[in-house]
Amino acid sequence: KSLYKEYTSATVKLTSCHNCNKNVDPYVEQGCVLVILDCVLLRPSAYRHILWNMDFEMIPRILAQYILIASILRAYMECEFLRTLDYNRKESHVFALLIPMSIAAIFTQVVAVYFTIKNQVKMKADHRLLYRVALAVTFPVSFSLVTALVLVWENTITVQILGRMLEFVFQFNAINVLVHDSGIYAFFVGEVARMALATGLRHLTGIPCLGIDWKGFYTIS
């Protein structure tokens, strides 16, 4: 069913739920700023609006932007992490390597989550579900922009860990909305797949992972 009925260009009536008599999606008539703020506040209804009720024709274009943003943000924060380790490799070269590595890790995470939840959702497991899974994985990473800005002033392990934990919370909340409040297993599988690929790629390129160099250990002061 439609989320709203449009009587005239200036008159729109939101569809009400037959069980609770509340609007099915109140965010239809709200601005994007309010939706984003409610996503930060971890309100499932805001994530549901983005993942399920957004016009599907818009998702591929928005998804491409979020994948690029997420890859750049993760590469930047990884570079900042390596800086705290006094990693002696040229930073521009590392950043150039980390961006495609981040993209590959995101795609791996999306595929892992998709195959985990495809039999748990009510909709048909096709490209529409795959796009929504990709949006659930990449959209929360954009909130890491706040962490990236904080790292400009204070580049510490504590800030990076807290930022990563917040990203996990936002991402878990988005995946949980997709599978109707049972997404902890899907989130775990996706994160393990992402970390496994990222660790393997770091091993091949010689970039340290979690403070470990493949020729020895770093000491974090």
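Which elements do the buried residues of α2 pack against? Point 3 takes this up.

1. This is a predicted model, in which local features need pLDDT of at least 70, side-chain atom pairs count only at pLDDT 80 or more, and totals for chains, interfaces and linings use all residues. Residues are numbered from 1 along each chain as its sequence is written, and side-chain values use heavy atoms, with hydrogens and water left out.

2. The chain holds 8 helices and 4 strands (DSSP runs numbered from the N terminus: H or I of at least four residues for helices, E of at least two for strands). From the N terminus on, the order is β-β-α-α-α-α-α-α-α-α-β-β. Of the 221 residues, 39% count as buried, meaning under 20% relative accessible area with a 1.4 Å probe, protein chains only.

3. Helix α2 covers residues 44-51, and its buried residues are A46, Y47, H49, I50 and L51. The buried residues of α2 pack against α1 (32-40), α5 and α7 (157-178); contact means heavy atoms within 4.5 Å.

4. Helix α5 (residues 127-138) also meets helix α3 (residues 59-84): their axes come within 9 Å and cross at roughly 35°. Axes are lines fitted to C-alpha atoms over the stretch in contact, with angles from 0 to 180 degrees between N-to-C directions. On the α3 side the contact is made by I59, P60, I62, L63, Y66, I67 and A70, and on the α5 side by Y131, R132, A134, L135 and T138.

5. Among contacts in the chain between residues at least 6 apart in sequence, 62% join residues at least 24 apart.

Key. Buried < 20%, exposed > 50% of the residue type's maximum accessible area, 1.4 Å probe, protein only.
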